[in-house]
Amino acid sequence: MAEENIQPKAINLPKEEEAKALADIKFVNNRIIAEIGKVFIGQTKVVEEVLYALFARGHVLLIGVPGLGKTLLVNSLAKLLDLDFKRVQFTPDLMPSDIIGTDIIEENTKTGERNFRFLKGPLFTQVLLADEINRTPPKTQAALLQVMQERKITSGTTTYDVEEPFFVLATQNPIEQEGTYPLPEAQLDRFMFNVRLEYPPVEEEIMMVKATTCGTAEDLKPVITSERIKELQEIVRRVPVSDRVIKYAVSIAEATRPNQPNSSDFVNSYITWGAGPRASQYLILGAKARAVLQGRYYVACEDIRALASAVLRHRIMLNFSAEAEGITPDAVIEKILKSVLEPVE
């Protein structure tokens, strides 16, 4: 089901209050990035994209080889945001009840009566790290992805609401595919961003080694409350977007679809399936979050371009010809961004 209500009624604040709110949001964003930089060296773009997804009420798929700090990033972020954090290591024997929870029989020692009590699983949290999500069977993957989409957990005949804000970061190891269960495209589509963690530059790695091999670890303190996060998420949803920017986002998503009237020869030659309407929605939502966290109350086409790779790279299915020639989704997206012009005012 596609994301709904991405364009609520815009907030009408007096100029002074609007400026103060935006300055406050920008200050919080800069402080989070500065604090997390004490333990998670470098990778500023990754941190920014994760924050954009959080404040847009989306979820993130983190792709990176072991040892790049995926767990450290999520754990540190949960501390700074003062949110409940749980980590689940996905394995081939993990069952849906292991993450959702299960009913247990509880006996009253005084009366001898026995009753069922629901023991909540790790999904009942605010920040969930789903480590190596592609190593667990589809049934367990589906249980997690249902909660991500509906923000509700059903056990038996009872449905529970998850505590907001609810944020899932799932990781995948791109180098080991034996014994894994790759996520189908329909389930990948539920992740707002696909964020890639690359090897750090030498200078950043030197700083990282210095920071982690001597002295004690930094003790991170919360910089924002969960209530404030929910307020910021609401502000992001209400940021007005011009028809011009929306048309630009839709044009980029449309340009990834082969065998359409306006499809380019490049797309027809190398793409089997392109991005659906949810990509257009997430481009706008991500752009809203980026604008607000940078202290702007308007969305520009530059915001769309900045997030295009994160939104589209897991929504494009390349064919055999592209793989044989070594063409990557990012290369396709870069070519599309060059070919799609901004709409005229």
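Guide: Begin with P165, which is found in the loop between β7 (158-161) and β8 (167-172). Helices (H or I, at least four residues) and strands (E, at least two) are DSSP runs, numbered from the N terminus. This is a predicted model: local features need pLDDT of at least 70, side-chain atom pairs count only at pLDDT 80 or more, and totals for chains, interfaces and linings use all residues. Residues are numbered from 1 along each chain as its sequence is written, and side-chain values use heavy atoms, with hydrogens and water left out.

Visitor: What kind of peptide bond joins E164 and P165?

Guide: The bond between E164 and P165 is cis, with omega at about -5°.

Visitor: How many helices and strands are in the protein chain?

Guide: The protein chain contains 14 helices and eleven strands. Its radius of gyration is 21 Å, close to the 20 Å that the globule rule gives for 345 residues, so the chain is as compact as a globular protein of that length. That radius is taken over C-alpha atoms, and the globule rule is 2.2 Å times the number of residues to the power 0.38. Along its principal axes, the C-alpha trace spans about 75 × 55 × 50 Å.

Visitor: What share of the residues of the protein chain count as buried?

Guide: Buried means under 20% relative accessible area, exposed means over 50%, and partly exposed is in between (1.4 Å probe, protein chains only). Of the 345 residues in the protein chain, 48% count as buried.

Visitor: How many positive and negative side chains does the protein chain have?

Guide: Lys and Arg count as positive and Asp and Glu as negative, while His and the chain ends are not counted. The place of a charge is taken as NZ of Lys, CZ of Arg, CG of Asp or CD of Glu. The protein chain has 40 positive and 47 negative side chains, and the centres of the two sets lie 3 Å apart.

Visitor: Which residues is Q233 in contact with, leaving aside its neighbours within four places in sequence?

Guide: Contact means heavy atoms within 4.5 Å. With those neighbours within four places set aside, Q233 is in contact with L54, F55, R57 and P165. P165 is the proline of the cis peptide bond discussed above. Q233 itself has its place in helix α8 (residues 226-237), and it counts as buried because its relative accessibility is 6%.

Visitor: Which backbone atom does the side chain of Q233 reach?

Guide: A polar contact is a pair of N or O atoms within 3.5 Å; within protein, one must be able to donate a hydrogen and the other to accept it, and residues adjacent in sequence count only if both atoms are side-chain atoms. The side chain of Q233 reaches the backbone oxygen of L54 at 2.9 Å.

Visitor: Where is R228, and which residues does it touch?

Guide: R228 is also placed in helix α8. Not counting residues up to four places away in sequence, R228 touches D24 and I25.

Visitor: What share of contacts in the protein chain join residues at least 24 apart?

Guide: Among contacts between residues at least 6 apart in sequence, 77% join residues at least 24 apart.

Visitor: Is V299 buried or exposed?

Guide: V299 is buried, with a relative accessible area of 8%. It is found in the loop between α11 and α12. Leaving aside neighbours within four places in sequence, its contacts include V239, P240 and A287. A300 is found in the loop between α11 (277-293) and α12 (301-312), and A300 is partly exposed, at 24%.
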